Amino acid sequence: MQNKKTIVIIGGGVAGLSAGIYAEQNGFHAVILEKNPSVGGMCTGWFRRNFYLDGCIHWLTGTKEGTLLNEMWKNLDAFRSQEDILLLPSWGTYEYQGQSVTMWCDLDRAEKEWIAVSPVDKKMIRKFFKMVKDFIKVELPLDLPLSMIPLSRKLKLGLQVFSVWPSYLNTMFQTSAQFAKKFKSPVIRFALTKAQTGYGNLFSMIYSYATVAMGDGGVPKGGSKPMVERMKDKFIALGGSLRLNANVTSIFKEHGVAKGAKLVDDTIIKGDYVISCLDINYTIKKLLLNQYPLPSFEKRFNNPKRHPSPSCVMVHFAIKKDNNLPTPYSFDCPPFELGGETIEHLTIRSYSYDESFTRGSRTVLFIMLDQSNLNYPYWQALSKNRSAYLAKKKEIAEQVKTRIKAHLPHVGELELLDVSTPHTFKRYVNSTNGVFMSYTFTKRNSMYTHNGTLKGLKNFYLSGQWLQGPGGLPIAMTQGKFAIQRICKKERLNYIFTPILNKKKA
């Protein structure tokens, strides 16, 4: 270790663990500093009344064997084989006014069922499913930063995109809600706007559906917490150092060069490089005292209406395991107000498919209520009065419970386990405006990326999901790896992709 250069990594979420593992595999010594008592960041789970509650993964891109993301996840021990992956039959069932449609992974089955539900929409239904099938053909190059992708790879990707160009153009510049208006069927309109937020662009929704349909959006057994614990064990086994309950207050630097991180107790953890895998806004404004601003991100953070980011309220109940509920399942309900938004539907997920969530004859039921960065001022103000905040969470649980029991009386008793809000995200991971992902693709705001460097500060890199829209776990994982690739390039080292690929080359 004496001859190794040290990389100090701030944040033990998926990006930090990815950076740490790839750093160790490429000849560096990595030190991860995590402010919480466990790793995972946003990718986490917890226990209530002996039930495990997942706070993150509902499906994960990269579960299809033979894809680049799959090899990267396996290299990190996020999952070790395809036996660790559960593939659900659909991306959800959507019920509106007593009629339902399902986004089956069997696309031909789904198309036929949708046409049977609404023959008058036959032409538009076929157009929709053609676009889903088109996007199955495109695999994004997430193994290398954009600037390092060889020209031959860029040309190959260009040809892939060109082959589906009409579908690409048709989806990037309209919202899901706008597209839904082209259908006569109310339930199809409902499905197309509730699968993801209706203001998001159509491309994001269809690409997500295509990912799940092709088997690349499965669910790791046990969910989020076991996955990141496996990554943590891999990191430590490689020789990495992990410090929990290590709250970083600032970046330690000398003469314009990042030299480490300062903890809340004034301890300085020194290194040759520093990577911050935290929320970018928090890193720039708090850890770097706004001395190295990023105007492009300032515009996004300061204009939440133009640049929406998703947040939510999460409600968990315990219910009987044999509940015969499709998963996920969305249905319309009597409206109620939440954080300045009107909630007119519930999306619920029964975890009957995974024994990790089962205790005896009961399992976990998860409900996700949409919020966004625009709603955070409400939660911020409410959180200052703890009794009012707790009362609101109890009220939300009762609103949800009443609607589920009215719509699904056969599920029986609902035992409240927990309610989490955007304030929870803010408190736990310093997430700006309490969001759980970066910027939603809209018809005006599509893909973007950033190289993670700051003008005027050497040997410092930003990482994590905020560097590339729309964020999420795969982006966090690849951005952690990208940071190490950039450091390797600076050190003139041959970057090791994964031991799997090296063995193939041998």
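**Close-up 1. Salt bridges of the predicted model.** The model contains 15 salt bridges, a salt bridge being a side-chain nitrogen of Lys or Arg within 4 Å of a carboxyl oxygen of Asp or Glu. One of them joins Arg48 to Asp418, with 3.9 Å between the closest N and O atoms. Arg48 belongs to strand 3 (residues 45–48) and Asp418 to strand 19 (residues 415–420), so this pair ties together parts that are 370 residues apart in sequence. Helices (H or I, at least four residues) and strands (E, at least two) are DSSP runs, numbered from the N terminus. Arg48 is partly exposed at a relative accessible area of 35%, whereas Asp418 is buried at 14%. Buried denotes under 20% relative accessible area, exposed over 50%, and partly exposed the range in between (1.4 Å probe, protein chains only). Because the model is predicted, local features need pLDDT of at least 70 and side-chain atom pairs count only at pLDDT 80 or more, while totals for chains, interfaces and linings use all residues. Residues are numbered from 1 along each chain as its sequence is written, and side-chain values use heavy atoms, with hydrogens and water left out.

Close-up 2. Within helix 3 (residues 107–117), Glu113 and Arg109 lie four residues apart, about one turn of the helix. Their side chains meet in a salt bridge with an N to O distance of 3.1 Å. Glu113 is partly exposed, with a relative accessible area of 32%, and Arg109 is partly exposed at 39%. A further salt bridge links Glu111 with Lys133, the closest N and O atoms being 3.8 Å apart. Glu111 lies in helix 3 and Lys133 in helix 4 (residues 122–136), so the pair ties together parts that are 22 residues apart in sequence. Glu111 is buried, at 14% relative accessible area, and Lys133 is partly exposed, at 32%. Salt bridges with shared partners join Asp108, Glu111, Arg126 and Lys133 into one network.

Close-up 3. Seven strands are arranged in the order 8-7-16-17-18-15-19, with mixed pairing; two strands pair if DSSP finds at least two bridges between them. Strand 8 (99–104) and strand 19 stand at the edges with a single partner strand each, so one side of each is left without a neighbour in the sheet. From one strand to the next, the twist averages 30 degrees. Strand 15 and strand 19 are paired in the antiparallel sense over five bridges, and Phe317 stands opposite Leu416 in strand 19. Helix 15 packs on the sheet and touches strand 15, strand 18 and strand 19; its direction makes about 105 degrees with that of strand 15. Axes are lines fitted to C-alpha atoms, for helices over the stretch in contact, and angles run from 0 to 180 degrees between N-to-C directions. Contact requires heavy atoms within 4.5 Å.

Close-up 4. Strand 16 (residues 329–338) pairs with strand 17 (residues 341–350) in the antiparallel sense over seven bridges. The bridge partner of Glu337 is Thr342 in strand 17. Two residues separate the strands in this hairpin, where Gly339 takes a positive phi near 60 degrees. Strand 17 also pairs with strand 18 (residues 362–372), in the antiparallel sense over four bridges. Here Arg349 has Phe366 in strand 18 as its bridge partner.

**Close-up 5. The buried face of helix 13.** In helix 13 (residues 376–383), the buried residues are Tyr376, Trp379, Leu382 and Ser383. Viewed down the helix axis, these residues fall within an arc of 130 degrees, so they line one face of the helix. The arc is that of the directions from the helix axis to the C-beta atoms. The buried residues pack against strand 15 (310–320), strand 16, strand 18, helix 14 (386–407) and helix 15 (422–429).

Close-up 6. Three strands form an antiparallel sheet in the order 11-12-13. Its edge strands, strand 11 (248–254) and strand 13 (268–270), each pair on one side only. Neighbouring strands are turned by 35 degrees against each other on average, direction ignored. Strand 11 and strand 12 (residues 257–263) share six bridges in the antiparallel sense, and Ser250 stands opposite Lys262 in strand 12.
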